[in-house]
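My entries follow in the order of looking.

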Amino acid sequence: MLRSLFILAILVPGLLAAVRSRYAALLLYLWFALFRPQDWLWIDINRLRLSLVIGVLLLVPGIVSGIVPNMTHPLSVGMIMFLLSALVAQIHAVNPEFGWVWVDFLVRLILACMMITTLPNNSKRLAGVIGVVGGSLGFHAAKAGLAYVLGGGTRFADGLSGAFVDNNGYALGTVMIMPLLVVTAQNLDLLYDGRFLPWIRRGLYGAVVFCVFAVIGTYSRGGFLSLSGAGLAYVLLQKRRFAALTSIVAIVTVFLAVVPIPEAYLARLQTIKTYEEVGEDSALSRPHFWKVGIRMAADNPFGIGLKQYEFAYDRYDFLHGRFGHKRAVHSSHVQVLAELGYLGEAVWIGLFAFAFFACMRVRARSKAEHLDPRVASFLFTTANGLLVSMTGFLIGGTFLSLSLNDLTWLTFGMVAALDRMSARMIAEPAEQGLAAAPVVPLAFRVVPSYSTPAVASGFNRAVRGKYL
C-alpha cells in the first residue's frame, strides 16, 4: 500500500505537469525509465503503456511548439551516426526481427538524449536532470547498501530489471550514478533552499556511502575495478587532491570498522590475479569471447546487427562449445565492434573521446573571471561528475555487454547540454560588449564631459578666457 501511494504521489502530479511543461515531461520520462515503478509495485501497470504516453507528451507538443531534439551538437551527430551504423549492420543480422526491436529501442533512447541536450538550458534545469537520473537508480542502490549493512554482509545475486539485471550490471550501474549523487549534493541549493537543505545534502552523501556497500554486496570483480577507477579519477580531478583523498580514506576506514568486508568477497577479488591458476572459467572465458567478437568483425566489417552476437556465437566459436553455446561477448567495446563493425566502433570511440574533451573544456570555462562563483562551481563539479561516471563505465564496461545501457547514452546528452550551456555563458560578456552604449539622461547632457583630454582642455580654455 505504501509503495502504491509513493508511486502515485510522483506519477499523478508528474503527468499533470508533463501536460504543461516539456521539461517536466523529460524529468518524468527519465524517472519512469530508470526507477522502473512498474517493477516496484504490487499491481500491474504495464497495460497502461505509461512510458509511451510520457514519451508522446515529451515529443509531440514540443515539436509542435518548436522544441525539437538537438541534432547539431557533435555528440548528437555522433549518436545519429551510431544509429546509421546500426541500420547498416541490420542488413547482415542473423535474427533480423530481434534486431529491429533493439533498433527501435536505440531510436527512442537517442531521442531522449537529444531532448536532454535541448531542454536543460540553465544550471537549475540541468541540475534537476542529473538529480533525477542519479536519484532514480540511487534510491534502489542505497536501499540495497542499507540491506547489506543491516544484514551483516548480504550478497546480491540479481540486480534490477532492464539493463542492469544481473549482479555485475547492478554493480556497474551503481558506480555510474554515484558521482551524479555527489554532483546533486554539491549543487542542491540550485534546486532547493529551504531549511532542510543541510539534511537532504547529508542524506545524498550518505546514499553514496551505502552505494559503495551495494557494490560490495554484488561480489562483482568488474564492479570493484570500476569503483576503484572511478574513485581514483574523482581524486585526480579535484583542486585539492590530497584533501579529497584523505576524506575518502577516512570515510572508508570508519565504515569498514563498523561493517567488516566478508572473507568470501576478499577471496573472490583475489581471483582477479589468480584466475588462471585456479581455473576460474568465468574469467578464463572472457578473452575467448572477445576473440570471437574480433573474428566476427573481421568477417563482417559492417557488423552483424544490434544484439546479434549471441545468435552468431556458435558459428564463430573456434573452441566448439568449450564455454557453452550462444554466449554473450562480456565487453561493451568488443560488442560494438562485432555488432556494428569498424564504423560503429569508430563512432563509439569518438563519442567518448569528444565527451571527455567537452567536459575538460567546461572545466576550463569554469575558471572565467566574469562568471558568477556559484555558476562556476556548478560547471566545475558537474563536469567532474560526468567524467568520473564515464570513467567507471569504460572500466566496468570492458567486462559486460552493456553498450546500449540507458545511463551511458543519457550521460552523452547531459555532457552535450553542459557544453552548450557553458559556451553560452562564456559568450554573454562578448555579446554585452557589442551592445549599444547606454543613453545619457538629458539633464546631464549640458554638463561638459571630462572623458577625453581634448574636451577637458577646451573647457579649461573657455573658463580662463571668461574669468581670467
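I began with burial: of the 468 residues in the protein chain, 49% are buried (under 20% relative accessible area, with exposed over 50% and partly exposed in between; 1.4 Å probe, protein chains only). The model is predicted, so I noted that local features need pLDDT of at least 70 and side-chain atom pairs pLDDT 80 or more, while totals for chains, interfaces and linings use all residues. Residues are numbered from 1 along each chain as its sequence is written, and side-chain values use heavy atoms, with hydrogens and water left out.

I looked up the surface next. The protein chain exposes about 23,000 Å², and 67% of that comes from carbon and sulfur atoms (Shrake-Rupley method, 1.4 Å probe).

For secondary structure I found 17 helices and zero strands (DSSP runs: H or I of at least four residues for helices, E of at least two for strands, numbered from the N terminus).

Helix α12 (residues 281-299) packs on helix α14 (residues 332-365) at an angle of about 10°, the axes being 8 Å apart (lines fitted to C-alpha atoms over the stretch in contact, angles from 0 to 180 degrees between N-to-C directions). That makes the two helices, α12 and α14, roughly parallel (under 35 degrees). Trp290, Gly293, Ile294, Met296, Ala297 and Ala298 of α12 make the contact with Val334, Leu337, Ala338 and Tyr342 of α14 (heavy atoms within 4.5 Å).

Last, the cysteines. I counted zero disulfides (cysteine sulfur pairs within 2.5 Å). Cys113 is buried at a relative accessible area of 0%, and Cys211 is buried at 0%.

How values were computed. Parallel < 35°, antiparallel > 145°, perpendicular 65-115°, else oblique.
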